[in-house]
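Dear colleague,

I am passing on the structure below, and after it you will find my notes on what was found. Please read them with the model open beside you.

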Amino acid sequence: MPHPTFSLIIPVYRAAARLPRCLDSVVAQTRPDWECLLVDDGSPDASPALCDAYARRDARFRVWHKANAGAAAARNAALAEARGEWVTFVDADDYLSPRFLEAAATVHADVVLGQSRKCHADGSTSPYVTLHAGLHTTPESYRLFVQTHLHTSLLRVPWGKLIRRERLAHITFPVGQPVGEDTLFMCRLLAQCHSIGVSPASVYYWQENEVSLTLKYHLPPQAAATYMQHIMQAYEGLHVHSPAFERLIFDFFFALSRMHSLAALRTWLGHEAVRHWQRRIYGRLPFSWLHPEAHTHAHVALCLLRLQHLKMRLAAALRRGH
């Protein structure tokens, strides 16, 4: 197809069990004018063969096989090849309702959001993100919508939406940031857009992930603070004020950081971005207690214990999806 209307981008890695369900949902779209860009990210299972099989049966599937470099690099490779007017990102474990493309294309905006449902291990689904139909095209209504929803997963993930390809001309996924890359990408994207709409008839089915990021990743405090800083800088480019988003990002990266020693804690709290956002979100901390000579070892140990307890509570809340 020389000029597809839609480009679906799917990075593939260890997805053999659910990939056929995903690709069948693409084939079942009521709009036929799509291309699907499959990027095999060096997957060691049967996923590469499945991608090739679908491409042989339907020329609208295009496949690239690459050495493993992560989802961000895979998506960037596909973005460089996309030809559609609209781009949508799909995870290989997920799938689309048959009218996902057709319904979304009737909403005239830079970004069109669909509804989302969560897929559970027993095969059932439940509402994940439900939105009322609407169109936000004025600067004030667009800013208000972003400000209101930025702290939810709705605007922090690339899947479940159509994006005008022209808005992606100068944006790529951040390679080298293993945590928070989707949120960073979305903040940069939203800063380039001027309108957003909601399609009530487009449904994205998200496969529930049993492994929490707070369990999968464990970052040194310097890295956690730096990754947080990248997101907060992009957030400031949106010119909105969302205390809920600020608190979510700060607490998330604190929960991911390694706080096994007083030195590690000093590194975290000594980072310029951490100190700035800590003051903005929670107010000032008595940093003087970080000096070993300022207080007894017992007091320092108590402070560390309280911080570790807070970290455990945050990690538990994030695992529950709060």
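Is Cys22 buried or exposed? Cys22 is buried, with a relative accessible area of 0%, where buried means under 20% relative accessible area, exposed over 50% and partly exposed in between, computed with a 1.4 Å probe and protein chains only. Please keep in mind that this is a predicted model, in which local features need pLDDT of at least 70 and side-chain atom pairs count only at pLDDT 80 or more, while totals for chains, interfaces and linings use all residues. Residues are numbered from 1 along each chain as its sequence is written, and side-chain values use heavy atoms, with hydrogens and water left out.

As an overview, the protein has 12 helices and 10 strands, these being DSSP runs numbered from the N terminus (helices are H or I with at least four residues, strands are E with at least two). Of its 322 residues, 50% count as buried.

Cys22 also belongs to the buried residues of helix H1 (residues 19–27), which are Leu19, Cys22, Leu23, Ser25 and Val26. Seen down the axis of H1, these buried residues fall within an arc of 155 degrees, so they line one face of the helix; the arc is that of the directions from the helix axis to the C-beta atoms. They pack against strands E1 (6–12), E2 (34–41), E3 (61–66) and E5 (95–96), and against helix H2 (47–57), with contact meaning heavy atoms within 4.5 Å.

Turning to the cysteines, a disulfide is taken as a pair of cysteine sulfur atoms within 2.5 Å, and by this rule the count comes to zero. Cys22 is in no disulfide, since the nearest cysteine sulfur, that of Cys36, is 6.9 Å away. For Cys51, which is buried with a relative accessible area of 0%, the closest cysteine sulfur is also in Cys36, at 8.5 Å, too far for a bond.

Helix H9 (residues 243–256) has 14 residues, which at 1.5 Å a residue should span 20 Å, and its end C-alpha atoms are 20 Å apart, which agrees; the expected span is 1.5 Å times one less than the number of residues. H9 is mostly covered, as 11 of its 14 residues are buried, among them Phe245, Glu246 and Asp251.

Finally, strands E6 (residues 111–119) and E7 (residues 125–129) pair in the antiparallel sense over four bridges, where pairing requires that DSSP finds at least two bridges between the strands. Arg117 has Pro127 in E7 as its bridge partner. E6 and E7 form a hairpin with five residues between them, and Gly123 in the turn has a positive phi of about 95 degrees.

With best wishes
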